[in-house]
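Reader: I am new to reading protein models. Could you walk me through this one with questions and answers?

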Amino acid sequence: MGRRDEAREQTRARILEAARCQVAEQGASALSTRAVAREVGVVSSAIFRHFPTRDALLTALIMRGYRDLAETLAETSGTWEDLAHALRHWTLTNPHDFQLLYGTPVADYAAPPETVPAALDVARPFLRAGGATAVPGFSGTLEDQLAPLAQDEGLDPSGAAAVLSELATLIGLLTVELAGHLRGTADPAGPLFAATVARQLQTLGLPDE
């Protein structure tokens, strides 16, 4: 990589980090390319050489979040329990990134198709950990919907459906925890999360890890 390319990559990284900080402080809907440019110390037009629109910048942040989470999950043993707790640790460490991926949709923004494979990269370790065997109650239409994915990944379609349902449960529980809705009840939320994971092992027919 030449010096010009290296400088370009460094500027792009600085833009992304400034945008990430702005989203953390003000929310994704308030993301402003002008404010990011001021923070980085460049003119607004320089932002557009890297990201032609605000939506392109937002998409880059989403892709970065999925990639970071997928890399975190890849560092685990690959068991359902380890994956679930790694997801929670990443979420509590990076709450604003989690909200960007799984929180309230950003007004006037539609995630482009390129984010779908990135999201699947997060789901794939869970699918491999728990989707190999059939799970009662997840048959019929669900099996038809998930047959292509199950075939590609070597999974049982009903098992894949059950995994996606349980992954959604974990994401929902983490969303509630981040919002503070468990204060005064399941507070701290760690034991409730652990109990949920233990129940999921039974549902998915996985050994107690």
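This is a predicted model: local features need pLDDT of at least 70, side-chain atom pairs count only at pLDDT 80 or more; totals for chains, interfaces and linings use all residues.

Reader: How many helices and strands does the protein have?

Author: Helices (H or I, at least four residues) and strands (E, at least two) are DSSP runs, numbered from the N terminus. Read along the sequence, the pattern is α-α-α-α-α-α-α-α-α-α. The count is therefore 10 helices and 0 strands.

Reader: What share of the residues in the protein is buried?

Author: Buried means under 20% relative accessible area, exposed over 50%, and partly exposed in between (1.4 Å probe, protein chains only). The C-alpha trace spans about 60 × 45 × 30 Å along its principal axes. Of the 209 residues in the protein, the buried share is 40%.

Reader: Among contacts between residues at least 6 apart in sequence, what share joins residues at least 24 apart?

Author: Contact means heavy atoms within 4.5 Å. Among the contacts between residues at least 6 apart in sequence, the share joining residues at least 24 apart is 70%.

Reader: Where does UniProt place the "DNA-binding region"?

Author: UniProt positions are given in the numbering used here, feature names are shortened, and annotations may be inferred rather than shown by experiment. An unreviewed UniProt entry places the feature "domain: HTH tetR-type" at residues 9–69, a span that is 80% helix and 0% strand. Over residues 32–51 the chain is 75% helix and 0% strand, with end C-alpha atoms 12 Å apart. The unreviewed entry places the "DNA-binding region" at residues 32–51.

Reader: Is Thr33 buried or exposed?

Author: Thr33 lies in helix H2 (residues 33–40). Leaving aside neighbours within four places in sequence, Thr33 is in contact with Ile47, Phe48, Arg54 and Leu57. Its relative accessible area is 12%, so Thr33 is buried.

Reader: And is Arg49 buried or exposed?

Author: Arg49 sits in helix H3 (residues 44–50). The C-alpha atoms of Arg49 and Arg12, 37 residues apart along the chain, are separated by 9.4 Å. With a relative accessible area of 57%, Arg49 is exposed.

Reader: Which residues of H4 and H5 meet?

Author: Helix H4 (residues 54–74) and helix H5 (residues 80–93) pack at an angle of about 140°, with their axes 9 Å apart. That angle makes H4 oblique to H5. The residues that meet are Gly65, Asp68, Leu69, Thr72 and Leu73 in H4 and Leu83, Ala86, Leu87 and Trp90 in H5.

Reader: Which residues make the contact of H6 with H9?

Author: Helix H6 (residues 95–102) and helix H9 (residues 157–178) pack at an angle of about 130°, their axes being 11 Å apart. This makes H6 oblique to H9. The contact is made by Pro95, Phe98, Gln99 and Tyr102 of H6 together with Ile171, Leu174, Thr175 and Leu178 of H9.

Reader: What is the value of phi for Asp108?

Author: Most residues other than glycine have a negative phi, and most peptide bonds are trans. Asp108 lies in the loop between H6 and helix H7 (115–130), where it is exposed, with a relative accessible area of 76%. Its phi is positive, near 60°.

Reader: What is omega for the cis peptide bond from Asp187 to Pro188?

Author: Pro188 is placed in the loop between H9 and helix H10 (190–203). The peptide bond from Asp187 to Pro188 is cis, with omega near 5°.

Technical notes: Residues are numbered from 1 along each chain as its sequence is written. Side-chain values use heavy atoms; hydrogens and water are left out. Axes are lines fitted to C-alpha atoms, for helices over the stretch in contact, and angles run from 0 to 180 degrees between N-to-C directions. Angles under 35 degrees count as roughly parallel, over 145 as roughly antiparallel, 65 to 115 as roughly perpendicular and the rest as oblique.
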